[in-house]
Amino acid sequence: MSTLSIHMPKYPECWQSCGSCASGTVFILEMLVSVGDSIERDDNILTLETGKVALDIPSPYAGRVLELHVTAGDTVDEGALLVTLESA
């Protein structure tokens, strides 16, 4: 088995143009997975709070959660390491 890293995806382009959705601090509202959980591709792993909207972040991979690198309340930047998975 190999390990896979899930990183914070690129923020939507509209955030740069109008900035309304991303006003305020961008932080993790809730973690939706725990260490040991098995997840499928496109399962939501966390909910991001942007100041105006709550946005679910899906996993691009299937696998078993080995490590969480962020917790609820953490601020996150594009590219930040979120979760390490063991590939399915």
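Start by selecting Glu49, which sits in strand β4. Strands here are DSSP runs of E, at least two residues long, and helices are runs of H or I, at least four, both numbered from the N terminus. Glu49 is buried, with a relative accessible area of 17%. Buried means under 20% relative accessible area, exposed means over 50%, and partly exposed lies in between, using a 1.4 Å probe and protein chains only. Show the surroundings of Glu49: Thr25, Val26, Phe27, Leu29 and Ala54 touch this residue, leaving out residues up to four places away in sequence. Contact means heavy atoms within 4.5 Å.

A note on the model before moving on. This is a predicted model, in which local features need pLDDT of at least 70 and side-chain atom pairs count only at pLDDT 80 or more, while totals for chains, interfaces and linings use all residues. Residues are numbered from 1 along each chain as its sequence is written, and side-chain values use heavy atoms, with hydrogens and water left out.

**The whole chain**

Zoom out and colour by secondary structure. The chain has 1 helix and 7 strands. Along the sequence the pattern reads β-α-β-β-β-β-β-β. Of its 88 residues, 30% count as buried. Among contacts with a separation of 6 or more, 58% join residues 24 or more positions apart.

**The open sheet**

Select β1, β7, β6 and β3. These 4 strands form an open sheet in the order β1-β7-β6-β3, with antiparallel pairing. β1 (3-7) and β3 stand at the edges with a single partner strand each, so one side of each has no neighbour in the sheet. Two strands pair if DSSP finds at least two bridges between them.

Next, go to β7. Of its 7 residues, 5 are buried, so this strand is largely enclosed by the rest of the structure. β7 pairs with β1 in the antiparallel sense over 5 bridges. Pick Ser5 and look across: Thr84 in β7 stands opposite. β6 also pairs with β7 in the antiparallel sense, over 5 bridges. Pick Leu68 here; the bridge partner in β7 is Val83.

**The nonpolar core**

Select Ile45, Leu46, Leu48 and Leu82. In the largest nonpolar core, which has 17 residues, these four touch the most other members. Strands β2 (27-31), β4 (44-49) and β7 (81-87) are the elements that give two or more residues to this core. A nonpolar core is a set of buried Ala, Val, Leu, Ile, Met, Phe, Trp, Tyr and Cys residues joined through side-chain atoms within 4.5 Å. In soluble globular proteins, nonpolar side chains tend to be buried together.

Stay on Leu46 and list the contacts. Leaving out residues up to four places away in sequence, Leu46 touches Ile28, Glu30, Met31, Leu32, Leu55, Asp56, Ile57, Val70 and Leu82.

**Asp56**

From that list, select Asp56, which lies in strand β5 (residues 54-58). At 38% relative accessibility, Asp56 is partly exposed. Beyond four places in sequence, Asp56 is in contact with Leu32, Asn44, Leu46 and Thr47. Draw a distance to Thr47: a polar contact of 2.7 Å joins the two side chains. A polar contact is a pair of N or O atoms within 3.5 Å; within protein, one must be able to donate a hydrogen and the other to accept it, and residues adjacent in sequence count only if both atoms are side-chain atoms.

**Two salt bridges**

A search of the whole structure finds 2 salt bridges. A salt bridge is a side-chain nitrogen of Lys or Arg within 4 Å of a carboxyl oxygen of Asp or Glu.

Select Arg64 and Glu86. Their salt bridge has its closest N and O atoms 3.4 Å apart. The pair links distant parts of the chain, 22 residues apart: Arg64 is in strand β6 (residues 63-68) and Glu86 in strand β7. Arg64 is partly exposed at 33%, and Glu86 is partly exposed at 25%.

Finish at Arg41 and Asp42. They form a salt bridge, with the closest N and O atoms 3.4 Å apart. Arg41 is exposed at 55%, while Asp42 is partly exposed at 48%. Asp42 lies in the loop between β3 (38-39) and β4. Check the backbone there: phi of Asp42 is near 80 degrees, a positive value in a residue other than glycine.
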